[in-house]
Amino acid sequence: MKSTSPIFLITTPESDPVVFYLSKWSEEVIEEAQNKGFNVVNLPREKASLAEFEGHMAKMKPCFVMLNGHGSPSKIAGHKNGIILEKGRNEKVTKGAIVYARSCFALKELGEACVSSGAKGFVSYSFPFMFVSDPNRSAHPMKDELAAPCRITSNMIPVSIIKGQSISEAVMKAKDRMDELIGFWETRRDLPEASIVASCLYWNKLGLGLRGEADTRIA
Amino acid sequence: MMAATEDEIKIVVERLKVMPRSVNLNIGGFGSFSRDELIDAVSGKTEIGELVVEMQMAYLRSFKERAKQ
């Protein structure tokens with residue numbers, strides 16, 4: 001019998017410490033998607049490649065796609081910085097999907113190209129995505145208190161979309177939470193690095209945005 | 001990206017000096033940087049340094065605005 005579950009495709013490369021953190025953070029998102037009845041297609045490590053990504057996009061036609069990987073204005077990478085999505089090359093694979101790219105710089109050029117090619121919506125960042133981390137916790141990103149504010153707020157976006165909220169509601173909710181956490185971290189006196197954590201939240205908030213119709217949501 | 005002024009560089013270096021040496025700032029595809037690497041980058045006006053100054057000054061301006069409210 002053919003499954004009618006909505007399909008959520010996610011890439012989780014682990015080829016350097018930054019994407020390792022992003023991919024480990026994604027476990028919360030995957031769990032939420034499974035709890036909401038999504039068929040989750042995870043492309044981990046080496047599977048976060050151009051061939052696997054294009055193949056699964058064509059075959060599975062996910063309604064929601066989350067990319068963890070380094071970005072530039074026109075492209076997003078997977079494992080070991082292999083390009084998996086690029087303006088002028090394969091943005092058409094996103095047709096019909098909502099895309100959330102936890103990637104630097106990808107919002108404007110690539111986001112607009114994907115939406116022009118039929119993506120229902122594209123949420124990402126205009127600037128480099130930043131977070132503070134504790135190297136003593138590098139093997140266990142979920143236990144890193146310094147990284148937690150950026151994990152929580154960047155995971156809120158896909159979780160809100162999975163719960164059926166529109167892309168603009170997801171972005172606004174995340175920005176509201178960023179404001180709350182900025183207020184909390186900039187007044188902490190127990191950690192000398194707290195203000196730097198607050199500045200990362202502010203920077204990510206400045207860069208976060210969307211392309212496509214604001215009320216787009218998973219049908 | 002606007003070139004950082006000498007005053008901005010001084011302000012950001014002083015802020016970074018407060019960070020413990022044991023903490024990293026992760027800047028997307030540019031990588032992970034320790035406190036001392038960040039101070040060197042800002043002082044040396046490298047691409048990363050300019051980005052860190054821009055980010056820190058944006059935050060400090062917003063802090064000032066919020067403090068007025």
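Two residues are in contact here if their C-beta atoms, placed from the backbone, lie within 7 Å. The model is predicted.

**Sheet**

Chain A holds an open sheet of six strands, with mixed pairing and the order S2-S1-S3-S6-S7-S9. Strand S2 (39-44) and strand S9 (208-212) of chain A are its edges, each pairing on one side only. From one strand to the next, the twist averages 15 degrees. Strands of a sheet pair through backbone hydrogen bonds, either parallel or antiparallel. Strand S1 (residues 7-12) and strand S3 (residues 64-68) of chain A run parallel and are joined by four bridges. In S3(A), A:Phe64 is the bridge partner of A:Phe8.

**Helices**

Helix H4 (residues 148-162) of chain A lies across S1, S3, strand S6 (98-102) and strand S7 (121-125) of chain A. The angle between H4 and S6(A) is about 165 degrees.

Helix H5 (residues 167-185) and helix H6 (residues 194-207) of chain A have axes that come within 8 Å and cross at roughly 160 degrees. Angles over 145 degrees count as roughly antiparallel, so H5(A) is roughly antiparallel to H6(A). Their crossing is left-handed. The residues that make the contact are listed by helix.

| Helix | Contact residues |
|---|---|
| H5(A) | A:Lys175, A:Met178, A:Leu181, A:Ile182, A:Trp185 |
| H6(A) | A:Ala194, A:Val197, A:Ala198, A:Leu201, A:Tyr202, A:Asn204, A:Lys205 |

Nine residues of the contact of H5(A) with H6(A) are nonpolar, one is polar and two are charged.

Notes. Residues are numbered from 1 along each chain as its sequence is written. Chains are lettered from A and ligands numbered from 1 in the order in which they are written. This is a predicted model: local features need pLDDT of at least 70, side-chain atom pairs count only at pLDDT 80 or more; totals for chains, interfaces and linings use all residues. Two strands pair if DSSP finds at least two bridges between them. Helices (H or I, at least four residues) and strands (E, at least two) are DSSP runs, numbered from the N terminus. Axes are lines fitted to C-alpha atoms, for helices over the stretch in contact, and angles run from 0 to 180 degrees between N-to-C directions. Angles under 35 degrees count as roughly parallel, over 145 as roughly antiparallel, 65 to 115 as roughly perpendicular and the rest as oblique. A crossing is left-handed if the near helix is turned anticlockwise from the far one by less than a right angle, and right-handed if clockwise. Ala, Val, Leu, Ile, Met, Phe, Trp, Tyr, Cys and Pro count as nonpolar, Asp, Glu, Lys and Arg as charged, and the others, Gly among them, as polar.
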